[in-house]
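This report looks at contacts between charged and aromatic side chains. Please keep the sequence and the structure in view while reading.

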Amino acid sequence: MERAHNEALRQRIAARCAAFQRLEEAGHPPGLKHAAVAIAVLERTATEPSSFLLTRRAAGLRAHSLQWALPGGRCDPGEDAIGAALRELHEELGLALDAADVLGVLDDYPTRSGYLITPVVAWAGRDPALALNPHEVSSVHRIELAAIEAEDAFDFVRIPESERRVVRLRLDDDFIHAPTAALIYQFREVLAGRATRVADLEQPVFAWK
């Protein structure tokens, strides 16, 4: 039963990603540094639901310490987004995947801090053993797919500093903000078969630096 469910889920995510027509650097500001993140999907088990991995950044990082983030980072010279996302996934969490595990690539998201982030959706299999890099990650969490598919999972607020809407994802008693929330929101929409664009969704002011 679990095996059939997981295979059906993998096929559904791959099909929805394949049907999604990605916009590549369309209308983004010039000079942004390329980065990539991994949306690493985990199989359902007898004790855990289908989920994806989300981290809290290490306290000692110079920028955005202790913030929620998908595993990822800046692309090395000559490295494409898929290669960077898989490399960072291994460096941060000790999770080794390859190109055959990639299910799709979503839209690039431009950040206020000068990055263009490419989200790479990958299949991480059944309850993989993780080895966190303490210099980059303070903790890792499984976020249920059902949690982001809920109707009230995301909300949108306004701030005086921008005319654009700020997207937020509720997580227990906390909020995850853009860019991470924007990337997860688009992933949720793609899972539902909707081609929702997110580049115009705003980040809170504390994430602008």
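E79 and R87 form a salt bridge in this predicted model, and their closest N and O atoms are 2.8 Å apart. E79 is partly exposed, with a relative accessible area of 22%. R87 has a relative accessibility of 19% and counts as buried, because the cut-off for buried is under 20%. R87 also meets E88 in a salt bridge, at 3.2 Å from N to O. E88 is buried, with a relative accessible area of 8%. Salt bridges with shared partners join D76, E79, R87, E88 and E91 into one network.

Side chains of opposite charge can pair when their charged atoms come close. How many salt bridges does the count come to? The count comes to 16 salt bridges. One of them is between E48 and R142, with the closest N and O atoms 3.9 Å apart. E48 lies in the loop between strand 1 (33-42) and strand 2 (51-57), and R142 lies in strand 8 (residues 137-144), so this pair ties together parts that are 94 residues apart in sequence. E48 is partly exposed at 32% relative accessibility, and R142 is partly exposed at 24%.

| Salt bridge | Closest N to O distance |
|---|---|
| E79 and R87 | 2.8 Å |
| E48 and R142 | 3.9 Å |

Charged side chains also sit over aromatic rings. R56 lies over the face of W68, 4.5 Å from the ring centre. The charged end of R168 is placed over the ring of F175, at 3.8 Å from the centre of that ring.

F154 and Y185 make an edge-to-face pair, with 5.0 Å from centre to centre and 65° between the planes. F154 is in strand 9 (residues 154-159) and Y185 is in helix 4 (residues 180-191), so the pair ties together parts 31 residues apart in sequence. Are F154 and Y185 buried or exposed? Both are buried, and the relative accessible area of Y185 is 11%.

Y185 pairs with F156 as well: the ring centres are 5.5 Å apart and the planes are at 80°, so this pair is edge-to-face. F156 lies in strand 9 and Y185 in helix 4, so the pair ties together parts 29 residues apart in sequence. F156 counts as partly exposed, at 30% relative accessibility. Together, F154, F156 and Y185 form one aromatic cluster.

Note on methods
Residues are numbered from 1 along each chain as its sequence is written. This is a predicted model: local features need pLDDT of at least 70, side-chain atom pairs count only at pLDDT 80 or more; totals for chains, interfaces and linings use all residues. Side-chain values use heavy atoms; hydrogens and water are left out. Rings of Phe, Tyr and Trp (its six-membered ring) pair if their centres lie within 6.5 Å; planes under 30 degrees apart count as stacked, over 60 as edge-to-face and the rest as tilted. Helices (H or I, at least four residues) and strands (E, at least two) are DSSP runs, numbered from the N terminus. Buried means under 20% relative accessible area, exposed over 50%, partly exposed in between (1.4 Å probe, protein chains only). A charge sits over a ring if NZ of Lys or CZ of Arg is within 6 Å of the ring centre and within 35 degrees of the ring normal. A salt bridge is a side-chain nitrogen of Lys or Arg within 4 Å of a carboxyl oxygen of Asp or Glu.
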